[in-house]
Amino acid sequence: MNTMQRPSETLLFRVNGIPQGKARPRFTKGGRAYTPAKTRRYEEAVREAAQLAAQAQGFIKHDKGTPLKASVTAWFPVPASWPKKKRAAALSGALYPAVKPDADNIAKAVLDALNGIAFHDDKQVVSCTVSKRYTFRDDDTPRVVVHIAPMKTFAQLREAAVSDGQNGENA
């Protein structure tokens with residue numbers, strides 16, 4: 001039996017823990033900029049999760065010119081201090097976490113951490129969707145789920161739509 005795994009074009013992974021956003025750079029008294037320790041630790045956790053998933057999935061980093069799309073879903077815990085009615089609404093998906101960190105800062109932290117793992121540089125990401133949700137159960141783990149895939153051209157999408165339609169008619 002051949003144990004060789006076919007390379008994967010997509011990468012799907014999760015980072016357990018409360019989602020973090022990229023913090024603004026801080027400055028020393030001498031004027032040098034640095035990334036806060038909390039952001040550095042979170043980006044390292046993202047890198048570790050991505051590397052483990054890439055290895056398990058047979059993912060190979062995309063070439064420099066490959067346009068990519070990213071999907072980032074941040075799952076937040078429902079605050080225990082909320083009243084039962086509000087907690088139930090959040091757990092059912094009726095409420096969204098319109099709280100910090102901002103969606104764009106979550107994406108920035110994740111994509112910056114993926115430089116050199118999922119792609120050469122995050123400038124390759126031409127489409128990015130970021131969603132913030134509450135977990136569906138009290139015992140559910142807060143997390144960030146990330147999916148990276150090649151971005152299809154309009155011609156490729158059209159071709160896939162036409163061929164799918166023809167396959168359905170012949171079946």
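Predicted model: local features only at pLDDT ≥ 70, side-chain atom pairs only at ≥ 80, totals over all residues.
Let me turn now to α1, which runs over residues 37-57. Taking 1.5 Å a residue, its 21 residues should span 30 Å, and since the C-alpha atoms at its ends are 30 Å apart, expectation and model agree. The buried residues of this helix are Thr-39, Tyr-42, Glu-43, Val-46, Ala-49, Ala-50, Ala-53 and Ala-54. Looking down the axis of α1, we find those buried residues within an arc of 135°, so they line one face of the helix. On the other side of α1, Arg-41, Leu-52, Gln-55 and Ala-56 are exposed. The buried residues of α1 pack against β1, α3 and β6, and just after the helix Gly-58 takes a positive phi of about 70°.

That brings me to α3, residues 103-113, where the buried residues are Ile-106, Ala-107, Ala-109, Val-110, Leu-111, Asp-112 and Ala-113. Their cover includes α1, together with the strands β4, β5 and β6.

How do α1 and α3 pack, in terms of angle and axes? The angle is about 55°, and the axes are 8 Å apart. That angle makes α1 oblique to α3, and the crossing by which α1 passes α3 is right-handed. At the level of residues, Tyr-42, Glu-43, Val-46 and Arg-47 from α1 meet Ala-109, Val-110, Asp-112 and Ala-113 from α3; among these, Tyr-42, Glu-43 and Val-46 belong to the buried residues of α1, and on the partner helix Ala-109, Val-110, Asp-112 and Ala-113 are likewise buried.

Next, the loop between α2 and α3, which holds Pro-101. The peptide bond leading from Lys-100 to Pro-101 is cis, with omega near 5°. Val-99 also has its place in the loop between α2 and α3, and at 41% relative accessibility Val-99 counts as partly exposed. Although Val-99 and Gly-21 are 78 residues apart along the chain, their C-alpha atoms are separated by 11 Å.

Finally, a residue in strand β3, namely Tyr-34. Its relative accessibility is 41%, and therefore Tyr-34 counts as partly exposed. Leaving aside residues up to four places away in sequence, Tyr-34 touches Pro-25, Arg-26, Phe-27, Thr-28 and Arg-40. The C-alpha atoms of Tyr-34 and Arg-24, which are ten residues apart along the chain, are separated by 9.1 Å.

Methods. Residues numbered from 1 in each chain as written. Heavy atoms only, no water. Buried < 20%, exposed > 50% of the residue type's maximum accessible area, 1.4 Å probe, protein only. Helix = DSSP H or I, 4+ residues; strand = E, 2+ residues; numbered from the N terminus. Contact = heavy atoms within 4.5 Å. Expected span 1.5 Å × (residues − 1). Arc of directions from axis to C-beta. Axes fitted to C-alpha atoms, helices over the stretch in contact; angles between N-to-C directions. Parallel < 35°, antiparallel > 145°, perpendicular 65-115°, else oblique. Left-handed = near helix turned anticlockwise from the far one by under 90°.
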